[in-house]
Amino acid sequence: MFALILLVLAFFVFRAAYRAGTRFFHRFVAPRPVEDILTIVAASIATGVSAQGMWRFSGDVLGFDGPLRFLLFAFIEVAVITSAVRARRNMRENYSAGIDGVAVWALTCLTAVLSSMDARSLAEAIFRLAAPLVAAWLWERGMAIERHRITGRSRINWRITPERALVRIGLAEVSDRTASEVDAHRRLTRVALAAKRARALREAGASNRKMRAALVKLDRAMDRAVEHSGLAVDSARQEALLSQIGALYNTAALIDLTPPVPWSHETREPVARPAVSAAPVILLADDDDEELQLLDAPSPVVDTAQRAAQMRAAREYWDNQIERKFVPRATDIAHETGIAVATAREYRALWKLEPRAHALLEAAYNEHGIIDTGTFPAIETEHVLTVNGSSPNR
């Protein structure tokens with residue numbers, strides 16, 4: 001009967017323990033990823049090793065014995081666990097471990113040093129030093145993973161990394177371009193730079209020896225580009241070369257640009273302007289124009305949506321005119337789309353650097369000696385030279 005009673009009690013105890021273990025598993029273990037479970041297990045083992053070292057330290061060095069030794073030997077490990085729990089809660093609430101995170105590392109180093117001081121050999125001392133540090137490192141990595149999961153960003157971005165170092169010394173590529181694309185881009189860049197150098201020497205009146213050397217360098221760069229990058233048959237790379245040359249030739253034009261302020265119509269409310277006369281006003285164009293322009297009254301301030309619509313209309317008009325091999329003036333763009341002349345002039349200064357427009361302006365200069373001043377964009381349409389939309393006899 002006594003054995004039967006013990007069996008029944010053991011059954012109930014086992015069933016209660018099984019149910020508690022099942023609830024604990026489904027509540028705390030199942031929702032966590034595998035790496036978190038392994039981190040907790042490894043950190044618990046390392047903390048146990050540290051606690052065993054403190055047990056020996058409290059008995060051999062401090063002279064604790066009996067219940068006093070049992071109650072006081074692991075006070076630092078308990079403080080480490082308490083600080084770790086507080087740091088995790090603080091991280092979830094404030095996205096930072098705070099002073100408790102610093103306390104975890106400080107107390108870990110303290111218990112590692114104390115437990116290693118009672119070691120009987122160098123190997124044991126190194127082992128007792130390493131165990132608490134391993135536990136702290138696993139805790140830190142678990143915090144970092146949870147911080148990234150909550151905030152969606154890492155804690156710090158290092159300025160010096162292996163990837164950045166390899167890119168800096170030229171052994172790695174910052175983009176996902178292939179080796180052939182990188183080589184073609186570099187060869188086209190060499191051609192553009194050699195052309196800019198030769199043009200600068202010619203405009204500066206350099207000696208024949210320097211001009212011959214520059215032209216030889218340009219010819220050599222062009223030969224290599226045609227041979228290795230397919231420049232003669234690849235239209236995309238031809239346009240890329242023209243874009244680079246256009247940008248290099250017109251670098252000085254950047255100092256004359258007055259780009260619009262992107263937040264001018266978004267950070268302040270439109271201010272009502274005083275009423276003006278409906279009669280047209282005669283305005284003198286800037287230095288880029290060589291004629292008097294008959295302009296309408298100043299356009300009112302528009303909101304961001306209207307401004308974007310006007311810019312799309314101006315761009316569409318510009319593309320249509322370029323398709324017709326005509327480079328419109330700023331006044332033409334303003335008249336056709338309704339935007340201000342100053343804004344149209346800023347758009348035109350940027351768009352005329354594009355490959356197709358730049359090619360038309362270069363052809364007009366090379367064939368007819370006409371310089372683009374914003375007033376006379378000369379182009380050729382149907383074998384007739386057109387100046388500002390009028391015939392050459394005008």
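Over the ring of which residue does the charged end of Arg 315 sit? The ring belongs to Trp 351, and the charged end is 5.1 Å from the ring centre. Please keep in mind that this is a predicted model.

## Counting the ring pairs

Let's turn to the aromatic rings. A pair of such rings is described by how far apart the centres are and by the angle of the planes. With ring centres required to lie within 6.5 Å, the count comes to three aromatic pairs.

One of them joins Phe 11 and Phe 12, with ring centres 5.6 Å apart. Their planes meet at 70 degrees, and an angle over 60 counts as edge-to-face, so this pair is edge-to-face. Phe 11 is partly exposed at a relative accessible area of 47%, and Phe 12 is also partly exposed, at 41%.

## The tryptophan pair

Trp 318 and Trp 351 form a tilted pair, with 5.8 Å from centre to centre and 55 degrees between the planes. Trp 318 belongs to helix α11 (residues 304–323), while Trp 351 belongs to helix α13 (residues 341–351), so the pair ties together parts that are 33 residues apart in sequence.

Are these two tryptophans buried or exposed? Trp 318 is buried, with a relative accessible area of 1%. Trp 351 counts as buried too, at 8%.

Tyr 347 joins the picture here: ring pairs link Trp 318, Tyr 347 and Trp 351 into a cluster.

## Arginines over rings

Trp 351, then, has a ring partner in Trp 318 and the charged end of Arg 315 over its ring. Elsewhere, Arg 199 lies over the face of Tyr 249, at 4.2 Å from the ring centre.

Note on methods:
Residues numbered from 1 in each chain as written. Predicted model: local features only at pLDDT ≥ 70, side-chain atom pairs only at ≥ 80, totals over all residues. Heavy atoms only, no water. Phe/Tyr/Trp six-rings, centres within 6.5 Å; stacked < 30°, edge-to-face > 60°. Buried < 20%, exposed > 50% of the residue type's maximum accessible area, 1.4 Å probe, protein only. Helix = DSSP H or I, 4+ residues; strand = E, 2+ residues; numbered from the N terminus. Lys NZ or Arg CZ within 6 Å of the ring centre and 35° of its normal.
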